[in-house]
Amino acid sequence: MAMFVLVVDTSIMNVSISAVVKDIDTTVSGLQSAIALEALVSAAFILIGSKVGDLIGRKKAYVIGLLCYATGAVAMVLAQSLVPIIIFWAVIGGLGASLLLPSMQSLIHGNFEGAAQARVYATVGASAAIAAAVGPLIGGFITTFLSWRVAFALEAVVIVIVLSGIKLVHDVPYTGSRQVDVLGSLLSVVGMGGIVIGILVWQEGGEAVGILIAVGVFGLGALAYWLVRRKRHGKPTLIDPDLFRSKLFRLGVSGQLMQQIALGGTMIVLPIYLQMVLGYNALQAGLSIAPLSLTMFGVAMLAGKRVGRRRPATLILWGFVLLTAGLVILIPVVPRADSGWWLLVPLIISGCGLGLLVSQLNNYTLSPISDERVSEAAGVNSAAGSFGLSFGLAFAGAIMLASLSLIFTSMAMSSDVLPADEKQQVSQVLEEDAEIMSNTALEELLVGQPEAIQDEIIRINTDARPIALQIALLIPILAGCIGLINGFRMRRLPDPKSSGAGEGMLLG
């Protein structure tokens, strides 16, 4: 339930933007900035959050994370301006996520072993999948027929239910060093924060993207150097660099990264396509994409319960095979699709692949880690997932819109119908407006133009969009292919063994 709230929270905010803007008399850009800030705070502090869980207790960090989310939800219910949304939902909620994710994974690791641990990781992954599927639908339905404030109030109610059963959660003691690596913590904020800010600025079409990402890369490089240096001198580190000496851990984190890039890229370009090309509303688009997430949920639950003697590496490999195959099938389908039904089979295939991945990757990555190091490992694993999702969303979305812009211009300039003196103006209008506009809305914009020009601009708009979507789909497909290579490498290694079994232990 906690993971469900974590995932569904941003979905509700995304589908409620227009209603929130109207009710509190703010701007779309202001609310989008709040959403971006929440993602930034969560990513920037997630490594620190894993260490805080060690110091104050994993269960306490889990509870504080939930309380932060509840604070943000209640603030949304009561908000009358943008300021409390930024302070309580974005900043405090983002800090809550940075505590909640690593502590959740650490508690699962410490309370379960072997097959039971794999099942619980799969169940939590499945809850994230179902939240991704129903979040936009729930948010859209409640916002349309009741109020967006009701949606956030229900989120707070779910958190209260989780906290009411908190006695069922047993804490996992931490016996490692309790000293704090202050500089390492600052470098992690600069590194993760710089890269995420760069991605978000790029997504919004801002400037200085290269400088921001360079600062982030420099921060992460400096962090790696600092951690190795501190470890060599026997001093406490934010995360143990020896984690990355394990091939199992490196491959697991890499698989998590690729899976999330593929998921993020797919979940941004398909809704744009459905709403802008087929003219679907948010609810219709959500229903069209639901087969992906619902299949992911079902397969994750099934795979978590009936793994049997199947190797985790084999399931992960097949996960990337199915994920990539479904996305590849979409490429020739897109230009021919005149409804969301055309996407059904490819999305089910990709959903099966994602279900296998979410049921196995967390357990594959974290099960061999010792209890002392699991918070650090969970922090790195969560950071990889958060970064991959943000990167996939931003990069695939940016590629799609950039492709639209270039294709619009090329088709307009080569048109035999448009007058020579109007081609530049038409291409400029298409670049600025049509990339976020359906054909119906574009027809309204063109009222008063000669019929031949109207038909030509609609043709350009119609022909360009599927090509742009096909180009954007190459991003999640590439991530899936890299994941495939990763999966073959996993197959050549022995299966990870739970640290609770006393063998195959990393850093134990």
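## Buried residues and overall make-up

Of the 508 residues in this protein chain, 54% count as buried (under 20% relative accessible area, with exposed meaning over 50% and partly exposed in between, using a 1.4 Å probe on protein chains only). The chain has 18 helices and 0 strands (helices are DSSP runs of H or I with at least four residues, strands are runs of E with at least two, and both are numbered from the N terminus). Look at contacts between residues at least 6 apart in sequence: 82% of them join residues at least 24 apart (a contact means heavy atoms within 4.5 Å).

A quick word on where this comes from: the model is predicted, so local features need pLDDT of at least 70 and side-chain atom pairs count only at pLDDT 80 or more, while totals for chains, interfaces and linings use all residues. Residues are numbered from 1 along each chain as its sequence is written, and side-chain values use heavy atoms, leaving out hydrogens and water.

## Helix α4

After α4 comes Gly57, which has a positive phi, near 110°.

## Helix α14

How far apart are the end C-alpha atoms of α14? They sit 34 Å apart, which agrees with the 33 Å that its 23 residues (344-366) should span at 1.5 Å a residue (the expected span is 1.5 Å times one less than the number of residues).

There's also a kink of about 30° in α14, centred on Gln360 (the bend at a residue is the angle between axes fitted to the seven residues ending there and the seven starting there). Since 18 of the 23 residues of α14 are buried, the helix is largely enclosed by the rest of the structure.

## Gln260

Is Gln260 buried or exposed? It counts as buried because its relative accessibility is 13%. Gln260 belongs to helix α11, residues 247-276. Leaving aside residues up to four places away in sequence, Gln260 touches Gly385, Gly388 and Leu389.

## The cavity lining

The largest cavity is lined by Asp9, Glu38, Tyr69, Gly72, Ala73, Trp89, Gly93 and Glu155 (a cavity is a set of points on a 1 Å grid over the protein atoms alone where a 1.4 Å probe fits but cannot get out, and lining residues have an atom within 4 Å of a point). Helix α5 (58-78) gives the most to this lining, with 3 residues, and α5 and α6 (82-111) each supply at least two.

Definitions and conventions
1 Å grid on protein atoms, 1.4 Å probe; cavity = no way out; pocket = protein on both sides within 12 Å on 5 of 7 lines; lining within 4 Å.
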